[in-house]
Amino acid sequence: MSEVSLLPKRARSVLYAAVTEFISSGEPVGSRTLTKKYGFTLSAATIRNVLADLEESGFLSQPHTSAGRVPTEAAYRLFVDALMEEQRLSPEEQADIRGWFEELPPGTDLLREAGRRLSRLSGAPALLLRASSETRTLLKLRFISTRPGELLAVIVFSDGTVENRFLKVEESVSEKDLERLHNMLEEAVTGRTLRDVREHFVSGVREQRDELHSLRTMGLSLVRAAAEGAARGLSIEVEGQALLLEHAEFGDVESVRELLRVLEDRERLLALLDSALASDNVRVFLGEEAAQAVGCPVSVVAARYREEDGEPGGALAIIGPTRMDYPFVVPRVSAAAEAMSAALAKLREGKPRID
């Protein structure tokens, strides 16, 4: 049986109002405020009794005996999971978020652009969880001669990011052979990962002994060399971390410094966001759950996006204080992740961004 089902309807209503008011004002909430602002027909004395019961149940705490009450971690968890009403996005807001990726210049990093705009929209730093280079789908792969014994691999991913890697080659490769290889890559690359392209060439070398065998062998060698530099696992980037300084909830300067160190380290956030990739829904991490990973009290609202092949590609998230406006943030993180997925899906439909 869930915690919310154990609470009487009156207690749920008062707790909802108390959390909503504290998120809005940041001030301890008293019975008089709830009576005036939330339309209760109950007397202030009755509300005081309900608040006292909620405190005894562990949902509220009282900083001082003469002050109002503030939500505990348990209250926030119950509020997010069962009580809150998400703010529905207006048609204009929905259209604006869907249009984030329209008319962007060639080569734009779609995930970074989504994070930048989500950070501005929410007023908090955005976390960008990105799959490794080896597992992200490609748009183009080119090899450019730079000097004898060296080629430059230019890897363009479907999310708009570009990686360049210098490769050592034992034998020089003619421009004619590179042109033939690029023609072969045109059919093999789009929508596949580096791993897929490598396996495609492996199969070709094993199964087809024709006039293109030597070209496939050379292609396999170059694709392998390009893939060797691909990062393993997941990586995290941050957009708008300076916005943390605007949140008084983080308290003293040392708390802000600790959180900034976490955002620079990144590794402490990976396990937290990695679990978001397994969920179809927006995940909200708060309290002890977030503190164990990050090392300080914060909340993280995360939603995964999908690559154009439908597989999870990464996640978009907002990080901020526990006193976060969840009804506002949750639907916007969800909409941003859906817009990211839709933008990548368009690339699969034959609308490439990069020539």
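Predicted model: local features only at pLDDT ≥ 70, side-chain atom pairs only at ≥ 80, totals over all residues.

Visitor: What is the order of the strands in the open sheet of 3 strands?

Guide: The order is 4-5-6, and the pairing is antiparallel.

Visitor: What makes strand 4 and strand 6 edge strands?

Guide: Strand 4 (138-147) and strand 6 (162-168) each pair on one side only. Neighbouring strands of this sheet are turned by 20° against each other on average, direction ignored.

Visitor: Which helix lies across strand 4 and strand 5?

Guide: That is helix 8 (residues 175-188), running at about 175° to strand 4.

Visitor: Why is S158 called buried?

Guide: The relative accessibility of S158 is 2%. Buried means under 20%, so S158 counts as buried. S158 lies in the loop between strand 5 and strand 6. Its C-alpha atom is separated by 9.1 Å from that of D109, which is 49 residues away along the chain.

Visitor: How many bridges join strand 3 to strand 10?

Guide: Strand 3 (residues 126-131) and strand 10 are joined by 5 bridges and run antiparallel. With at least two bridges needed, they therefore count as paired. A126 stands opposite I318 in strand 10.

Visitor: What joins strand 9 to strand 10, and strand 3 to strand 7?

Guide: Strand 9 (residues 299-306) pairs with strand 10 over 8 bridges, in the antiparallel sense. There, V300 has I319 of strand 10 as its bridge partner. Strand 3 and strand 7 pair over 6 bridges, also antiparallel, and L127 has V238 of strand 7 as its partner.

Visitor: Why is strand 10 described as mostly covered?

Guide: Strand 10 (residues 312-320) has 9 residues, and 8 of them are buried.

Visitor: Is L111 buried or exposed?

Guide: L111, found in helix 7, has a relative accessibility of 0%. The limit for buried is under 20%, so L111 is buried.

Visitor: Which residues does L111 touch?

Guide: Leaving out residues up to four places away in sequence, L111 touches L128, L129, R130, D159, Y305, A315, L316 and M340. L111 and G314 are 203 residues apart in sequence, and their C-alpha atoms are 9.0 Å apart.

Visitor: What makes E103 exposed?

Guide: E103 has a relative accessible area of 81%. Exposed means over 50%, so E103 is called exposed. E103 sits in the loop between helix 6 (91-98) and helix 7 (110-122).

Visitor: What is the phi of E103?

Guide: E103 has a positive phi of about 60°, although it is not a glycine. Most residues other than glycine have a negative phi.

Visitor: Where does the charged end of R332 sit?

Guide: The charged end of R332 sits over the ring of F328, 3.8 Å from the ring centre. The distance limit for this label is within 6 Å, so the pair meets that part of the definition.

Visitor: What does the protein as a whole come to in helices and strands?

Guide: The secondary structure comes to 14 helices and 10 strands. Of the 355 residues, 48% are buried. The protein exposes about 17700 Å², and carbon and sulfur atoms supply 47% of that area. Among contacts between residues at least 6 apart in sequence, 62% join residues at least 24 apart.

Key
Residues numbered from 1 in each chain as written. Heavy atoms only, no water. Helix = DSSP H or I, 4+ residues; strand = E, 2+ residues; numbered from the N terminus. Axes fitted to C-alpha atoms, helices over the stretch in contact; angles between N-to-C directions. Contact = heavy atoms within 4.5 Å. Buried < 20%, exposed > 50% of the residue type's maximum accessible area, 1.4 Å probe, protein only. Areas by Shrake-Rupley, 256 points an atom, 1.4 Å probe, with all protein chains shown as cover. Lys NZ or Arg CZ within 6 Å of the ring centre and 35° of its normal.
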